[in-house]
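Open the model in your viewer and keep the sequence at hand. The stops below can be selected one after another.

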Amino acid sequence: EIVLTQSPDFQSVTPKEKVTITCRASQSVGDRLHWYQQKPGQSPKVLIKYASQSFAGVPSRFSGSGSGTDFTLTINSLEAEDAATYYCHQSHILPITFGQGTRLEIK
Amino acid sequence: EVHLVESGGGLVQPGGSLTLSCAASGFTFSTYWMHWVRQPAGKGLVWVSRISKDGTTTYADFVKDRFTTSRDNAKNTLYLQMNSLRDEDTAVYYCASYDTSGYYYYYWGKGTLVTVAS
């Protein structure tokens, strides 16, 4: 099983700050690494697919990078609405696995 | 617009059984692989199972031989039959599907809560 380890587990940040969340895989997942945002009481929503591909409708302040085992989700100029838990997910090898999540609190 | 609506959750005793349903609409259900993902309260996402368009299933090790995933393409419905339930199966269960263009979860239901307790 591929273990995805996110860092940090929790971060308290101020608006307009830049945030970087990392996801490290226990073995290579190529580019099959995706990022989700989950707000309290809601289902997850995909932000970034295949490590760095963005979606129409997702704010441009969200970006992703990386390949192999090391990946990064960057949020530029954080906004209050970005308070949420963020998860990485690998679809390279079964079983499908998720990172443990990174909770962002907005000060 | 795509909708995935889970139902069938509730309180069940340890060792008991429960069947979840996920009604799909707004897309051609029969052409999508479907998944179950669960989330214990306050914890992270955990993949449970998947089913191919034609019914081939794959399970996480912790539910093998206890859970069965099936689908009825004529009814646009996904199922999760859960037997021998344990306390640790308590979670919100989501049905989800990959997008047509890749192996990431694009569509999610709102989830249904399963509580296993005596």
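**A tour by selection**

Select C88 of chain A: this residue is buried, with a relative accessible area of 0%, in what is a predicted model. C23(A) and C88(A) form a disulfide, with 2.1 Å between their sulfur atoms. A disulfide is a covalent bond between the sulfur atoms of two cysteines. The link of C23(A) and C88(A) is right-handed, with 75° about the S-S bond. C23(A) sits in strand β3 of chain A and C88(A) in strand β9 (residues 84-90) of chain A, so the pair ties together parts 65 residues apart in sequence.

Next, show residues 19-25 of chain A, strand β3, together with residues 70-75, strand β8. These two strands pair in the antiparallel sense over six bridges. Within them, V19(A) stands opposite I75(A) of β8(A).

Now widen the view to the open sheet of four strands in chain A, ordered β1-β3-β8-β7 with antiparallel pairing. β1 (4-7) and β7 (62-67) of chain A stand at the edges with a single partner strand each, so one side of each has no neighbour in the sheet. From one strand to the next, the twist averages 15°.

How many disulfides does a search of the whole structure find? Over all chains there are two. For the one in chain B, select C22(B) and C95(B), joined S to S at 2.0 Å. Their link is right-handed, with 55° about the S-S bond. Both C22(B) and C95(B) are buried.

Notes: Residues are numbered from 1 along each chain as its sequence is written. Chains are lettered from A and ligands numbered from 1 in the order in which they are written. This is a predicted model: local features need pLDDT of at least 70, side-chain atom pairs count only at pLDDT 80 or more; totals for chains, interfaces and linings use all residues. Side-chain values use heavy atoms; hydrogens and water are left out. Two strands pair if DSSP finds at least two bridges between them. Axes are lines fitted to C-alpha atoms, for helices over the stretch in contact, and angles run from 0 to 180 degrees between N-to-C directions. A disulfide is a pair of cysteine sulfur atoms within 2.5 Å. Buried means under 20% relative accessible area, exposed over 50%, partly exposed in between (1.4 Å probe, protein chains only).
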